[in-house]
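Colleague: I am new to this model. Please take me through a single part of it closely.

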Amino acid sequence: MKKITSLIMIMMSCVVLSACQTTSDEAIKVSDQFFAMDTYITYTIYTTASQTESAKALMSEANSEFERIADLANRFESFEGLVNVSTINEQAGITPVVVDPMLIEMVLLAKEVAAQSNGAFSVVLGPVSEIWQQYQDSDLVGIPNQAELDELRPLLDLDNLIVDTQASTLYLTEPGMVLDLGAIAKGYATEYVAKWLADTGIEHAIINAGGNVKTIGGHPTNGAFRIGLQDPNDLGGIFGSVAIQSTSVVTSGDYQRYFEYDGVRYHHLIDPATLQPARLYRSVTIVTPNSTLADALSTALFVLPLEAGQALIETYYPGTAVIWYSADGTVTTNVAMDEIFTLGGE
Ligand code: ADP
Ligand code: MG
């Protein structure tokens, strides 16, 4: 483990994208941006001038796939003819629901990471997140009462989310339970569309879904993409960068979705032990090829104490690179991260 203490207060998350050097004469960069899952999705494909139009068409088609997954994972809205997370929530305590295998896949991985993190990662915190959200939306003023949050605990048992892979069903056994795939669905969608684009023959591309970055191959001439990591204390700046190819980098941070009350920041990453926003870090960044896993791990490690997070990675995901940006500005990296991370701005 290498520990670097920065002199200035530094902040977090993946945001700035830049290629290491200039492109070759043949390779040109084509980009497009869409909005889904409450965030901007930017596609950048390196191609040749003659292929610009087809690259644009591919990005648009790929994003339709992203939107399809966004609709499946949506817990706020139902759509005519589509069984999605809101359907599962409506049927809580009533009946198992036959769902798209993609939702089964997300839930199985979510349960695995929940077990590995001793419950720090939980996709059934919905009833608690909904209360915090009401304060963030200013529908309620102040902060939730702890007793009111604790009363919800009977609805937060992940064992009461039943998966039947044979029947392809999901079932929340208690009325009032709420499935929330917000910590994993964006990674899943990013992973899916990256595979989809690669299958069409794309060899050099970056997909950036609001802090979930996936690269197909590397830069056409330089071999690596340099991905800037957002400074949690200066949202226009970066605190460091990672040089990556054919992998994904995902950051969970406290600086994008939050409200302040009495000078304290209350953000959207909840520690299931306290039902309060997790307080140890400003951000946690994961680099590992599978973007779904990177998404789940970045949330799980945001909640876990440093030693527990380090142990989780060493036990189950050796080789996965991690940066913990702590609440006091200390930046901690593991050995795998040291090979690809550069501290400091551009
Ligand atoms: P973002 O969506 O901002 O990129 P994350 O991937 O970390 O960030 O997911 C945050 C979302 O996950 C929250 O908005 C909430 O819906 C859900 N969530 C909050 N706390 C947890 C937790 N401890 N485990 C799993 N999901 C969580
Ligand atoms: Mg996540």
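Does Thr299 count as buried or exposed, and why?

Modeller: Thr299 counts as buried because its relative accessibility is 12%. Buried means under 20% relative accessible area, exposed means over 50%, and partly exposed lies in between, with a 1.4 Å probe and protein chains only.

First, the ground rules. This is a predicted model, in which local features need pLDDT of at least 70, side-chain atom pairs count only at pLDDT 80 or more, and totals for chains, interfaces and linings use all residues. Residues are numbered from 1 along each chain as its sequence is written, chains are lettered from A and ligands numbered from 1 in the order in which they are written, and side-chain values use heavy atoms, without hydrogens and water.

Now the metal. Thr299 gives its OG1 to the magnesium ion, ligand 2. Donors are N, O and S atoms within 2.8 Å of the metal (3.2 Å for Na, K and Ca); water is not among the atoms, so sites may look incomplete. Along the sequence, the donor residues follow the spacing A-x111-D-x3-T. Distant parts of the chain are linked here: Ala183 sits in the loop between E7 and helix H6 (185-199), and Thr299 in helix H7, 116 residues apart. Helices (H or I, at least four residues) and strands (E, at least two) are DSSP runs, numbered from the N terminus.

Next, ligand 1. Thr299 is among the closest of the 17 residues that surround ligand 1. Asp180, Ser252, His268 and Ile270 are the other closest ones. A residue is near a molecule or strand if one of its heavy atoms lies within 4 Å of it. Helix H7 (residues 291-303) supplies the largest share of this shell, 3 residues. By type, the shell holds 8 nonpolar, 5 polar and 4 charged residues. Here Ala, Val, Leu, Ile, Met, Phe, Trp, Tyr, Cys and Pro count as nonpolar, Asp, Glu, Lys and Arg as charged, and the others, Gly among them, as polar.

For His268 the distance from a polar side-chain atom to an oxygen of ligand 1 is 2.8 Å. For a side-chain N or O atom of Ser252 it is 2.7 Å. On its own, ligand 1 has 570 Å² of accessible area, and the protein covers 92% of that.

Terms used:
Polar contact = N/O pair within 3.5 Å; in protein donor to acceptor, adjacent residues only side chain to side chain. Areas by Shrake-Rupley, 256 points an atom, 1.4 Å probe, with all protein chains shown as cover.
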